Amino acid sequence: MIQIPRGTKDLLPEETAKWQVIEKVIRDTCDVFQYKEIRTPIFEHTDLFTRSVGDTTDIVQKEMYTFTDRGDRSLTLRPEGTASVVRSYVENKMFGWVNQPVKLYYLGPMFRYERQQAGRYRQFVQFGIEAIGSNDPAIDAEVMALAMSVYKKMGLEKVKLVLNSLGDAESRNAHKEALIQHFEGRIGEFCSDCQSRLTKNPLRILDCKKDRDHELMATAPKLPDYLNEDSKNYFEKVQAYLNELDIPFELDPNLVRGLDYYNHTAFEIMSEGEGFGSITTLAGGGRYNGLVSELGGPDDTPGIGFAMSVERLLLALEAEGKAVQTIENVSFYIAAMDEESKVAAVKLTHNLRVNGISAETDYLNRKVKAQMKSADRLEATYAIIIGETEMETGIAKAKNLQTGESVEFSLADGLNELKKLVS
Ligand code: HAM
């Protein structure tokens with residue numbers, strides 16, 4: 001028997017019903033915040049990710065699904081959405097659009113070759129937004145507000161927003177120098193990845209999963225201590241806006257994020273629900289002011305965004321004991337007593353459906369009693385039984401299964417009456 005690949009999941013109808021509720025909350029939220037949907041390909045040229053996410057990151061070094069196609073091109077299943085959105089922004093010259101900043105959202109599968117555990121899959125669905133073209137700290141607050149708003153609408157209470165600033169290029173360089181000095185003398189005690197990161201990208205040492213507990217980690221120079229005036233001012237304004245919007249947050253000078261394109265604002269949203277497991281990050285994001293020009297767009301085009309996975313949102317809901325309210329019942333169940341009435345039942349079912357009313361009938365030729373059990377299981381609002389009498393008189397009854405009340409209607413032209421019952 002061939003089984004599902006490790007790190008992937010089938011979503012069966014009971015689950016997809018929940019997903020659809022979440023997807024609707026996401027789309028409605030984006031609509032009120034005025035973010036428009038973009039759909040980009042599932043695979044991209046590998047270079048896109050090495051250049052944006054960064055060639056010293058875990059994602060690029062260890063987690064990408066990269067393959068060579070029949071035309072000898074190196075392609076990669078997208079591990080995240082920001083790189084593709086920015087590529088598309090540049091390629092479609094969105095910087096020339098009349099409405100600025102360009103505010104986009106996406107919802108779709110991403111792929112990372114990670115060790116499978118709760119909350120970590122090899123195929124997962126990210127919802128993310130990107131606001132490109134504004135350097136206003138108010139939009140940083142908007143991006144975080146949108147993320148928090150989705151969690152709030154889903155009923156999550158135990159979530160916290162954690163914030164840091166990575167500063168501009170000058171601040172980051174000063175910090176980089178300090179990190180090199182800090183680790184240099186004892187870099188031999190670190191894993192081979194960290195050793196090669198020391199000169200290329202020492203910030204990445206700070207989020208190494210292997211060397212997490214090394215004593216030098218806790219004493220490493222912290223980014224906020226290296227912020228220059230401009231970066232500090234910017235960060236203060238972001239915090240002031242969050243306060244104005246009544247969005248509580250915590251500062252964490254150790255928050256560095258696992259992708260290279262960030263500067264200034266960096267944030268994560270964590271679950272504090274009991275039993276959520278070891279991976280508590282629900283969402284992550286930040287500013288990437290250098291990415292558009294890195295990918296060939298106009299210089300100094302700023303951007304900010306975040307992404308969350310639907311899988312982790314569902315886990316957080318479970319940890320808080322919150323159910324996703326799904327509506328799945330059918331309006332009419334039509335049962336038939338014999339072969340002749342079965343034709344009438346099939347026709348009525350079809351007529352209801354093409355008129356936009358959900359209906360179900362029996363396809364296993366069961367006894368009426370068993371058909372009515374089906375109606376109960378499907379939580380049908382009304383049941384209609386068609387038999388010899390109904391065929392003779394042309395009149396049938398729709399019975400409300402909750403109240404027990406019945407309404408008569410004409411089999412030939414009673415569709416409008418049935419419509420009224422469920423409208
Ligand atoms: P990220 O922190 O790599 O950021 O991922 C964002 C979110 O995707 C995580 O917080 C988590 O909810 C989810 N996620 C990541 N990996 C997995 C996995 N293996 N299984 C399940 N869920 C996962 C980014 O991807 C950036 N592109 C976010 C961003 C957008 N920054 C600016 N704009």
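The structure holds one cavity of 30 Å³ or more. Here a cavity is a set of points, on a 1 Å grid over the protein atoms alone, where a 1.4 Å probe fits but cannot get out. Grid points are joined across faces, edges and corners, and a volume is the space filled by probe spheres set on the points. The largest cavity has a volume of about 40 Å³. This is a predicted model, in which local features need pLDDT of at least 70 and side-chain atom pairs count only at pLDDT 80 or more, while totals for chains, interfaces and linings use all residues. Residues are numbered from 1 along each chain as its sequence is written, and side-chain values use heavy atoms, with hydrogens and water left out.

The lining of the largest cavity consists of Leu166, Arg172, Asn201, Leu203, Arg204, Val256, Arg257, Leu259, Asp260 and Tyr262; lining residues have an atom within 4 Å of a point. By class, five of these residues are nonpolar, one is polar and four are charged. In this division Ala, Val, Leu, Ile, Met, Phe, Trp, Tyr, Cys and Pro count as nonpolar, Asp, Glu, Lys and Arg as charged, and the others, Gly among them, as polar.

A pocket, unlike a cavity, is an open set of points, with protein on both sides within 12 Å along at least five of seven lines. The second largest pocket contains about 430 Å³ of space. Its lining comprises 19 residues, and Arg172, Asn173, Lys176, Asn201 and Asp260 lie nearest its centre. Six nonpolar, seven polar and six charged residues make up this lining. Helix α6 (residues 169-184) gives the most to it, with six residues. Helices (H or I, at least four residues) and strands (E, at least two) are DSSP runs, numbered from the N terminus.

The description now turns to annotated positions. In an unreviewed entry, UniProt lists Glu80, Gly81, Thr82, Arg112, Gln126, Glu130, Arg257, Tyr261 and Tyr262 under "binding site". From this set, Arg257 and Tyr262 belong to the lining of the largest cavity. UniProt positions are given in the numbering used here, feature names are shortened, and annotations may be inferred rather than shown by experiment.

Two members of the listed set can be followed further. Glutamine 126 lies in strand β6 and counts as buried because its relative accessibility is 9%. Buried means under 20% relative accessible area, exposed over 50%, and partly exposed in between (1.4 Å probe, protein chains only). Beyond residues up to four places away in sequence, glutamine 126 touches Glu80, Gly81, Tyr106, Leu107, Gly108, Met110, Arg112, Ala307, Met308 and Ser309, where contact means heavy atoms within 4.5 Å. Tyrosine 261 is located in the loop between β8 (250-251) and β9 (263-271). With a relative accessible area of 7%, tyrosine 261 is also buried. Its contacts, leaving aside neighbours within four places in sequence, are Ser52, Val53, Glu80, Thr82, Arg287, Tyr288 and Leu291.

The loop between β5 (102-111) and β6 (123-132) contains glutamate 114. Glutamate 114 is buried, at a relative accessible area of 10%. Not counting residues up to four places away in sequence, glutamate 114 touches Glu63, Arg120, Tyr121, Arg122 and Lys209. Glutamine 117 is found in the loop between β5 and β6, but is partly exposed, with a relative accessible area of 24%. With residues up to four places away in sequence set aside, glutamine 117 touches Ser278 and Ile279. Glutamine 117 and glycine 7, though 110 residues apart in sequence, are 8.1 Å apart in space, C-alpha to C-alpha.

The nonpolar interior remains to be described. A nonpolar core is a set of buried Ala, Val, Leu, Ile, Met, Phe, Trp, Tyr and Cys residues joined through side-chain atoms within 4.5 Å. In the largest such core, of 95 residues, Tyr35, Phe127, Ile129, Tyr151, Phe183 and Phe306 touch the most other members. Helix α5 (residues 137-153) gives the most to this core, with 10 residues. A second, separate core has 16 residues, among them Ile334, Leu348, Ile357 and Leu418. Helix α5 also holds alanine 138, which is partly exposed at 24% relative accessibility.

Finally, the unreviewed UniProt entry lists residues 1-320 for "domain: Aminoacyl-transfer RNA synthetases class-II family profile". Over residues 1-320 the chain is 38% helix and 20% strand, and the end C-alpha atoms are 37 Å apart.
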